[in-house]
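Open the model in your viewer and keep the selection panel at hand. The tour goes stop by stop.

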Amino acid sequence: MTATWDEASACPADETPGKVMRRQPQQGGGQLVTLTCNQTRCPYHTDGWVVQVRPDNTIPDKIDPRTREKQFTPLQFNSMRREATLAALAEQARSEQRPGYEVPRV
Ligand SMILES: [Zn+2]
């Protein structure tokens with residue numbers, strides 16, 4: 001199923017036109033557009049929703065933020081980077097405890 005931009009960019013709750021917050025170009029073309037609702041009392045005012053635009057400019061059905069987690073596979077890269085960061089922080093903490101330690105110049 002596909003939607004038009006007007007359909008996809010309208011708030012899922014009250015169907016007022018959404019405001020584009022972010023456009024994320026996707027690998028291989030297309031983009032993910034994050035929109036929020038202009039109605040301050042609307043649940044989509046803070047959460048927003050994501051519209052996927054395919055490389056050929058067609059738009060599949062809306063991605064609701066509440067189901068979004070299921071559709072995106074977590075990147076292993078993130079946890080690897082977290083471990084590297086923690087290791088660097090631990091190393092830094094050790095270094096700073098040494099007497100006479102100076103911050104290395106890069
Ligand atoms: Zn709304």
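Is N57 exposed or buried, by its count of C-beta neighbours inside 10 Å? N57 counts as exposed, because it has 10 C-beta neighbours inside 10 Å. The cut-offs are these: a residue is buried with 20 or more other C-beta atoms within 10 Å of its own, exposed with 12 or fewer, and partly exposed in between, with C-beta atoms placed from the backbone.

**Before you go on**

This is a predicted model; local features need pLDDT of at least 70, side-chain atom pairs count only at pLDDT 80 or more, and totals for chains, interfaces and linings use all residues. Numbering starts from 1 along each chain, as its sequence is written.

Color by pLDDT, the predictor's confidence in each residue, from 0 to 100. The protein averages 81, and 73% of the residues score at least 70. Confidence is highest in β2, at 96. It is lowest in helix α2 (residues 65-71), at a mean of 54. Where pLDDT is low, the predicted coordinates should not be read in detail.

**Overview**

Switch to cartoon. The protein has three helices and five strands. From the N terminus, the order is β-α-β-β-β-β-α-α. Helices (H or I, at least four residues) and strands (E, at least two) are DSSP runs, numbered from the N terminus.

Of the 106 residues, 9% count as buried. Now consider contacts, meaning residue pairs with C-beta atoms, placed from the backbone, within 7 Å. Of the contacts with a separation of 6 or more, 34% join residues 24 or more positions apart.

**Stop 1: the sheet**

Select β2 (19-25), β3 (31-36) and β4 (49-53). These three strands form an open sheet in the order β2-β3-β4, with antiparallel pairing. The edges are β2 and β4; each has a single partner strand, so one side of each is left without a neighbour in the sheet. From one strand to the next, the twist averages 25°. Angles here run from 0 to 180 degrees between N-to-C directions, with axes as lines fitted to C-alpha atoms, for helices over the stretch in contact.

Strands count as paired if DSSP finds at least two bridges between them. β2 and β3 are joined by six bridges, antiparallel. Step along this pair:

- K19 stands opposite T36 in β3.
- R22 has T34 in β3 as its bridge partner.
- Q24 faces L32 in β3.

Stay on L32: it also stands opposite Q52 in β4. The β3 and β4 pairing is antiparallel too, over five bridges.

How many of the seven residues of β2 are buried? The number is zero, so β2 lies largely in the open.

**Stop 2: the hairpin turn**

Zoom to G28. It sits in the turn of the hairpin formed by β2 and β3, which have five residues between them. G28 has a positive phi of about 85°.

**Stop 3: the core**

Select A8, C11, V33, L35, C37, Y44, W49, V51 and I59 and show side chains. These nine residues make up the largest nonpolar core. Such a core is a set of buried Ala, Val, Leu, Ile, Met, Phe, Trp, Tyr and Cys residues joined through C-beta atoms within 7 Å. The elements giving two or more residues to this core are β3 and β4. In soluble globular proteins, nonpolar side chains tend to be buried together.

Center on V51, in strand β4. It is buried, with 22 other C-beta atoms within 10 Å. The C-alpha atoms of V51 and S9 are separated by 7.2 Å, although the two are 42 residues apart along the chain.

**Stop 4: the β3-β4 loop**

Select D47, in the loop between β3 and β4. With 14 C-beta neighbours inside 10 Å, D47 counts as partly exposed. D47 and L35 are twelve residues apart in sequence and 8.9 Å apart in space, C-alpha to C-alpha.

**Stop 5**

Most residues other than glycine have a negative phi. Check two residues against that.

- E15 has a positive phi of about 65° and is not a glycine. It is found in the loop between α1 (5-8) and β2. With 10 C-beta neighbours inside 10 Å, E15 counts as exposed.
- N57 has a positive phi of about 70° and is not a glycine. Find N57 in the loop between β4 and β5 (59-60).

Terms used
Two residues are in contact if their C-beta atoms, placed from the backbone, lie within 7 Å.
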